Amino acid sequence: MPTSPPEVSADASHRIDHLLEAAGDIVFRLDASGKVLFASSRAQRLFGSVDQAPLPMLAALAADVDQAVLRNAIADAGNVPTQPMADEGALLSPEPVRVAVRMHAGDQETWFELRISALSHADTPQLLVVGRDMSSQHATEARLRHMATHDALTGLPNRLLLSDRMRMVIAQARRSGQGFAIVTIGLDGFKKVNDGLGHPVGDAVLRMAAARLRKMLRDSDTLARVGGDEFVAVLPGTHSAAQIKLVTGRLLATTQSPFEIDGHTIYVGASIGVSTFPEHAEDEVRLVALADAAMSLAKETGKGRALTYSSRFNAAPEHDISLEAAMFQAIREGEFLLHYQPIVAAATRQIQGFEALMRWKHPTLGMVPPARFIPIAETNGLINMLGAWALKSACMQIRQFAQAAGRPLYMSVNISPRQFRSDKFLQVLDDAIGYAGLDGSELVLEITEGTLMIDPVHAETILTRMAERRARIAIDDFGTGYSSLAYLKRFPISVLKIDRAFIKDLPASEKDGAICNAVLDLARHLNLSVVAEGVETEDQFHFVEQRGCRYVQGYLTGKPMPPQVALAALTDTYQQLREGVA
Ligand code: C2E
Ligand code: MG
Ligand code: MG
């Protein structure tokens, strides 16, 4: 039950005003009707002249605050029992009611916390309103919130906020039944800018690129920076192929126009990957991963373009997730193994070396072909672990093969784009060579044109380091990737492997014949060896042999085989075994 407040003398209340004025705070003393009895000079400065009663109450001062909230707060303050305040004998309600209010003056926003207490005076209760300017505290909190969720360089949302927004957009899309697109954008050739012109220029490119990309999107879209030169855009409501094409076209175009920085004219460009909800995936992690996979492919196959994820990227998308989960298990269980396919000298058909080809012996699916699992491993990063294992095993194996054959042999090992880009790759290579006690010259490392083209500056460094270790470099599937022949001159390459696509229709196909001739000619002039891949018939064998191809790999001269069969192939028992090998 509220007790009626004891009286305070007018003299006491003046002394209170005096004290409040001295404290320098924003203070009003009001009567119950809201009439201002006192306003500190700070209050007057902030809120203008308020001594002209009646005051349309604080609600008018603080236009944003809910009027009802304020009225209730004042009523509450008036109703709260009061208690004596030190020697002034004034009475204040024990717990002031606090209200946060926001004021706008032009562009400027000011936050106040108003504490409203009941103060008894003469025969009518009065209200004491003390305001504190909370703007700087608000600004600090807002800044901290911003820092935790945004990228410092570009000011764009970071991965954390992206993840939040994606969850929201997914929830909305589920409710509305309307799909949306995720777009990952990777700047092409950014590393070259960073390495060549220095980080400050690199940073400037990133900031400008971020601003340009942002401009191409709607306000309701989110653009986040998720890595060095990688951005992710979430486009709620954008779903049809035509809409996606429009947006990605704009994004590509804006990155292609030159960046003028510090007197440099810089050309960057971007590769873009797209995935859509709900077709490709329904969770944020997978949506981004699939868009990323599409972007990697766009980079590998020529850059400067946009690709939408397609289930054709993997042989059986519905098995992706279970296959992916099974891969981790398979590594622990040792279900991966290597088969070895002979590479023979065309002149003698004698085995010169082998290509190590990965196999996965799944307990229920049987032999899973590399075309099924390597792309998944490439996407989720497992390829680094698998590739390191393959390299080490193949290095160990070639020692045994060479010992059994009593002559030098070489081992060709496939290196995936992601492995090649990994910082640890050279270490992995050294470990494998060292562990097997090789000198490096027994190794041929097969990479694709795409791997080289992702980042030619980095590629040059790594290839030079590989060559220092005496390992030779082969271009696998030569002729199928994006190729600027200039790289053959620039990089220390020793071998070209003509892709099976150009062999399989020989000798009938004149065009394929012309391509094989051209590759062999080129290789002769550049002093490179050529391996014809996928030779299945005697006719094909003769065709390439007669045109000067010195090495052949194909079912005709040996399928990929387990190590014990390969060992036999190096000795007399091979002839009997050969027919039996699947
Ligand atoms: P690749 O490196 O071009 O390997 C040659 C592929 O052609 C092998 O397929 C081989 O079995 C197949 N092949 C060889 N001769 C013939 C032939 O006469 N006719 C036909 N039809 N095919 C032939 P495989 O073993 O299925 O491997 C496919 C691809 O998977 C490889 O292509 C390579 O890109 C990748 N791969 C295999 N093992 C590894 C590995 O350890 N690491 C990485 N990163 N990739 C690997
Ligand atoms: Mg290969
Ligand atoms: Mg190949």
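Start by selecting ligand 1 and the residues around it: 20 residues surround ligand 1, and the closest are Arg359, Asn414, Asp476, Glu536 and Tyr555 (a residue is near a molecule if one of its heavy atoms lies within 4 Å of it). You are looking at a predicted model, in which local features need pLDDT of at least 70 and side-chain atom pairs count only at pLDDT 80 or more, while totals for chains, interfaces and linings use all residues; side-chain values use heavy atoms, with hydrogens and water left out. To find your way, note that residues are numbered from 1 along each chain as its sequence is written, and that chains are lettered from A and ligands numbered from 1 in the order in which they are written.

**Stop 1: contacts of ligand 1**

Show the side chains of asparagine 414, aspartate 477 and glutamate 533. At asparagine 414, an N or O atom of the side chain is 2.9 Å from an oxygen atom of ligand 1. Aspartate 477 places a polar side-chain atom 3.1 Å from a ligand 1 oxygen, and for glutamate 533 the corresponding distance is 3.2 Å. Taken alone, ligand 1 exposes 780 Å², and the protein buries 81% of that (accessible areas come from the Shrake-Rupley method with a 1.4 Å probe; for residues, only the protein chains shown count as cover).

Now colour by secondary structure (helices, H or I with at least four residues, and strands, E with at least two, are DSSP runs numbered from the N terminus). The elements that give two or more residues to the shell around ligand 1 are β16, α12 (370-380) and β20. Which of the elements gives the largest share of that shell? Select β16, which contributes four residues.

**Stop 2: the magnesium ions**

Centre on the magnesium ion (ligand 2).

The magnesium ions, ligand 2 and ligand 3, are 4.0 Å apart, and aspartate 476 coordinates both. Glutamate 355 lies in strand β16 and aspartate 476 in strand β20 (residues 472-478), so the pair ties together parts that are 121 residues apart in sequence. Are glutamate 355 and aspartate 476 buried or exposed? Both are buried (buried means under 20% relative accessible area, exposed over 50%, partly exposed in between, with a 1.4 Å probe and protein chains only).

**Stop 3: salt bridges**

Move on to the charged side chains. The count comes to 18 salt bridges (a side-chain nitrogen of Lys or Arg within 4 Å of a carboxyl oxygen of Asp or Glu).

- Select arginine 349 and glutamate 538, whose side chains meet at 2.7 Å, N to O. Arginine 349 sits in the loop between β15 (336-345) and β16 (351-362), and glutamate 538 in helix α21 (residues 538-546), 189 residues apart. Arginine 349 is partly exposed at 34%, and glutamate 538 is partly exposed at 35%.
- Select arginine 490 and glutamate 460, a salt bridge with its closest N and O atoms 2.9 Å apart. This pair links helix α18 (residues 486-490) with helix α17 (residues 456-468).
- Select arginine 500 and glutamate 536, which meet in a salt bridge at 3.6 Å. Arginine 500 belongs to helix α19 (residues 500-503), while glutamate 536 is in the loop between β22 (529-533) and α21. Glu355, Glu446, Lys497 and Glu533 are joined into one network by salt bridges that share partners.

**Stop 4: strand β10 and its partners**

Finish at strand β10 (residues 230-236), where six of the seven residues are buried. Strand β8 (residues 180-187) runs antiparallel to β10 and is joined to it by seven bridges (two strands pair if DSSP finds at least two bridges between them). Look for phenylalanine 180 opposite proline 236 in β10.

Then select strand β9 (residues 222-227), which is also antiparallel to β10, with five bridges. Alanine 224 stands opposite valine 232 in β10. β9 and β10 form a hairpin with two residues between them.

Technical notes: Donors = N, O, S within 2.8 Å, 3.2 Å for Na, K, Ca; no water. Polar contact = N/O pair within 3.5 Å; in protein donor to acceptor, adjacent residues only side chain to side chain.
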